[in-house]
Amino acid sequence: MAARGAGAETLDNQAARHDRAIETSDHAPSQWRVLAILSALMGFASISTDTYLPAMPAMARALKADAGDVDFTISAYLIGFSFGQLFWGAVSDRYGRRLPVAAGLVLFIIGSAGCALSAGVWTIIFWRVVQALGACASVVLSRAMVRDLYEGPRAAQMLSTLIAIMAIAPLLGPILGGEIEVFAGWRAIFWGLVGVGLVTLAALFTLPETLPAPRRQTASLGGAFGRYGQLLKNRKILGYAGAGAFFYAGMYAYIAGTPFAFITYHHVPAEAYGLLFGAGILGIVVTNILNTRLVLRFGIDRILMGGTLAAALAGLALAATAFTDWGGLCGLFAPLVLFVSVAGFIVANSIAGAMADFPDQAGEVSALVGAIQYGAGIAGSGLVGAFADGTPWPMGWVIAFAGVGSLVCARLVAGAAFARPEERTKERCPASTGATASNPASSAYNQRDNEA
């Protein structure tokens, strides 16, 4: 036992030296550079898809494909993203953060170039999987890097800031993509993503490695995947994950369905699509800001219940207007914006609820919940593509089903906390961000921020 204790002390001393090296280095990156690079990494999930949404009808015409086939380019991306994050999460805990992120960026660059050079829709679908396998490394591991660098409330604050900045990508992506499609064609959008990947790869190497060798996992990668199976047996994880997953299914039905519903069915110009899409993103930003304040008073479960109830009602209203065409474009647009906007009340709180009882496995739970959510996104976008009939109706009923499913899952797990107001104190930081941080490697950055 004494030898084991001495060994543990040695590992802690080695990790402490790593932290001091970051703190004292003349080349330590500034807080704003760290913020900018991590924001760019987190934004890959949305920029990879949102930029080409306005070009989907043009892609269908150029490739002589129908709307359903082009919708599958989103489903393919979600397949790669869903499974890839489980792999990268386990790899980064064993080998550190920077190398897996760099490998992922290389895959993203290759996949984007493959999409730009594709001559058929099924070739694009293949390269979209490759693109997603790379992009998910940036998204998942940027959150892990935040946990490496910051602790407790400061980590929560940092993640909130990153989420707010990250919202710029889906806000500007469709607007920029629409303009690029008009002036240079849809292939130029994917060449632009190649450039984004190259710039981010260069910027990555200005950051230090945030997970020192003494703190890395020594267990085999096979053991990590086995632990995912154990977590899947927990009903609480499945309940919270289900609430978020059904909502994700509706969100990706929205992403897959609105280009054709707005541009093809309601004849909205491609360059104006981004403005309609951006209204929902602004709603997400507002509800995320409200969530950071309201959750301190009402707790995770009450806010989650309210958010899923609003999503269910908005989905049912959307199904009605999509089926009857009542109100035209405005009748379709209003419930869509309401549904999308409540993401700020559902996504972070469902993740925080799932991780609450597993502080020592927060990374694995986060990856597992993310995989379930994006897996549901595959189903949502895939259903819209499979039942595409040239009208908004398939999108409408998929979103309605998703909203009701999210409400049912939230009700199954949220009731217990209503009788325990004291648990709301525990939920404060995770609910604001969807993640927590507990790695003491953050001393340099926390001290720098406090002095600032």
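Modeller: The model is a predicted one. The pair consists of helix H9, residues 168-184, and helix H13, residues 270-298, whose axes come within 8 Å. These axes cross at roughly 175 degrees; since angles over 145 degrees count as roughly antiparallel, H9 and H13 are therefore roughly antiparallel to each other.

On the H9 side, the contact is made by Pro170, Leu171, Pro174, Ile175, Gly178, Glu179, Glu181 and Val182. Their counterparts in H13 are Ala270, Glu271, Tyr273, Gly274, Leu275, Phe277, Gly278, Ile281 and Leu282.

The loop between helix H12 (235-265) and H13 contains histidine 267. The phi of histidine 267 is positive, near 60 degrees, in a residue other than glycine. Histidine 267 has a relative accessible area of 65%, and because the threshold for exposed is over 50%, this residue is classed as exposed.

A further positive phi, of about 65 degrees, belongs to aspartate 325, which is likewise not a glycine. Aspartate 325 sits in the loop that joins helix H14 (300-324) and helix H15 (328-341). With a relative accessibility of 36%, aspartate 325 counts as partly exposed.

Note on methods: Residues are numbered from 1 along each chain as its sequence is written. This is a predicted model: local features need pLDDT of at least 70, side-chain atom pairs count only at pLDDT 80 or more; totals for chains, interfaces and linings use all residues. Side-chain values use heavy atoms; hydrogens and water are left out. Axes are lines fitted to C-alpha atoms, for helices over the stretch in contact, and angles run from 0 to 180 degrees between N-to-C directions. Helices (H or I, at least four residues) and strands (E, at least two) are DSSP runs, numbered from the N terminus. Angles under 35 degrees count as roughly parallel, over 145 as roughly antiparallel, 65 to 115 as roughly perpendicular and the rest as oblique. Contact means heavy atoms within 4.5 Å. Buried means under 20% relative accessible area, exposed over 50%, partly exposed in between (1.4 Å probe, protein chains only).
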